[in-house]
Amino acid sequence: MTASPSLREAVEALYWRYTEAIDEGPFSAWPECFTDDGVYRLVQRANLDRGLPLATLWCEGRAMMRDRVYALEHANVFLDRRVRHVVGPASIDEAAMTARANVAVYETVGLRPTALVAVGQYRDVLAPDGTGGVLLQERLAVNEAELVPNSLVFPV
Amino acid sequence: MSARSWPTEGSTRVPYWVYSDPDLLAAEYERIFEGPTWNYVALAAEVGQPGSWKATTIGRRGVIVTRDRDGRLHVVENRCAHRGSQLCRSPFGSSTTLTCPYHQWSYGLDGRLLGVPLQKGIDGQGGLPEDFDPSAHGLAALRVTERNGVVFAGFGTAEEVEPFEDYLGPRMLHWFDRVFDGRELRLLGDLHQRIPANWKLMFENIKDPVHASTLHVFLVTFGLFRADNPAATEMDATGRHSVLVNSRRPVTTDRRRLTGYDPELRLEGAQLLDVVPEFPGDQTLVMQTLWPGLIVQQQSNTLAVRQIVPVAVDAFDLHWTFFGYAEDDVAMVRRRLLQANLMGPSGYVSLDDGEVLDLAQAGVSAAPEGAAVLEMGGDSVSDASHAVTEAAVRGFYAHYRTVMGL
């Protein structure tokens, strides 16, 4: 799908900010990739295909996203790990203001072999941010790795 | 395994070799999962339509749950009677027969062998012998029972195991029926994890009320499970099944500070904990473990079954099925889905459990000569009206030792 160079640049910049917030930090920048009422859902592909509504992770609005950030930084207990999102080129529909991109997430826990922890696709609804860029109105992260290697700590 | 003996202290100890001995796991498959037990296989709603089937696992054995065209449920082994291939190439399906892709042996949904291509040979040559008896070559059928929309199955004959109601006993049946009360269930979705730990550590975790207050900051801070809430730890007569019960109370400033309490943890998104009481009594959390491999979760309004499938001495698969009721209104479905954020591999609560189980297995597997010290609540294996006891874990191992001859 073709999109104007300015929209393509804006989407690339947004996608980079998103993964950098999670992979490099600060994690508190993750909710700021969304509109204030933006929605993030991480769903398993099998549930999506079966028409079942369960999300592995569901944040409705930046407030719930900030709660998730706080819990992961201060409440939850998990082995230290590094995650790395690898995101493919986006397919953008400018008229609909939607975009999709493939994504894989690798996780390294200490000296254990690095593992693929999620793979699938982002299905996004975009909103202009008022300064020429875009934010996520909705991000549906579809994960096709059905058998999670223990935990999915960080958002995909 | 014959060299293994339980520590002389008895019920207050669990020797670490139970978590790492491969011969023991082989014996567990035979004596427990393939023995006189009722094993969760499905919610009836997963195979609601005639012709539908679900492929799942009991212990190490693949099985298929089917609903035939007359609406009856069957559970058969997922293994062709010909040369042992598994038949199902997907986890769910709908068909009038079960057909092995290799040589097309075709079975009814009840496991009866219906047909074998080329049985008569070609032009008088080859084929199966005249006296081949199809009725002796069906898919092995398991005994099946369903209670209020939950399907269990097991190997061996019906005479070798109690009826389900007796298998649970009256106390456990009371808690089971509180959630599975006969109302039609509604599927919300599945999650799956492979947790790198011995399967018994998962069971112990759900029989251990103490860790809820010490590990789960989220539970303590929001009062969802606290040692100073009204609580109970109950078992059946054998000790193999149990429930942990907690009744949420407001967390006011004068309440005792527990180790896990975080005064800074506040939810901006309050909709996460918009909880509505929906069951009899004031218990807001009921976690039930049913021997050998089922957890029934009622945490506020998030309901799920979790099926434990041991994969290796140091790994098990945990299959979650979240559900509600067909009569739930839109607001209740939303509540359940929001509160599911507490559960599963990303859960605000359950994420911690998978991670500590990883650490637990890493510790115990390297030291088979060691033993766990279970003295919270003394050496009692009786019910308690509090949450500061390890009685349910001791009770579990008392039964385990009987079954395993340890």
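Tutor: Start with the lining of the largest pocket. By class, it has eight nonpolar, 11 polar and eight charged residues. Keep in mind that this is a predicted model. The volume of this pocket is about 670 Å³. In total, 27 residues line it, and the closest to its centre are B:A55, B:T56, B:P91, B:H192 and B:H319. Both chains take part. Chain A brings helix 2 (45–49), which gives two or more residues to the lining. Chain B brings strand 3 (52–58), strand 12 (185–195) and strand 18 (315–325), and each of these also gives two or more.

Now move to the second largest pocket. Its volume is about 380 Å³. Here 15 residues form the lining, and B:L201, B:E204, B:N205, B:D208 and B:A360 are the closest to the centre. Two elements of chain B give two or more residues each: helix 3 (199–206) and helix 7 (350–364). Helix 7 of chain B has the largest share, with four residues. By class, this lining divides into 10 nonpolar, two polar and three charged residues.

Next, leave the pockets and look at the nonpolar cores. The largest one has 154 residues. Within this core, A:W30, A:Y40, A:V156, B:F180 and B:F218 touch the most other members. Take A:V156 as an example. Setting aside residues up to four places away in sequence, A:V156 touches A:Y18, A:Y40, A:L42, A:H85, A:V103, A:V105, A:A118, A:Y122 and A:A141. One of these, A:Y40, is also on the list of residues that touch the most other core members. A second core is separate and has 15 residues. Among them are B:V76, B:W105, B:L113 and B:F132.

Find it in helix 8 of chain B, which covers residues 391–404. Is B:R401 buried, exposed or partly exposed? Its relative accessible area is 26%, so B:R401 is partly exposed. Buried would need a value under 20%, and exposed a value over 50%. Then check what surrounds it. Leaving out neighbours within four places in sequence, B:R401 is in contact with B:W6, B:G10 and B:L406. B:S11 and B:R401 are 390 residues apart along the chain, yet 9.7 Å separates their C-alpha atoms.

Methods
Residues numbered from 1 in each chain as written. Chains lettered and ligands numbered in written order. Predicted model: local features only at pLDDT ≥ 70, side-chain atom pairs only at ≥ 80, totals over all residues. Heavy atoms only, no water. Core = buried A, V, L, I, M, F, W, Y, C linked by side-chain atoms within 4.5 Å. Buried < 20%, exposed > 50% of the residue type's maximum accessible area, 1.4 Å probe, protein only. Contact = heavy atoms within 4.5 Å. 1 Å grid on protein atoms, 1.4 Å probe; cavity = no way out; pocket = protein on both sides within 12 Å on 5 of 7 lines; lining within 4 Å. Points joined across faces, edges and corners; volume = space filled by probe spheres on them. Nonpolar A, V, L, I, M, F, W, Y, C, P; charged D, E, K, R; others polar.
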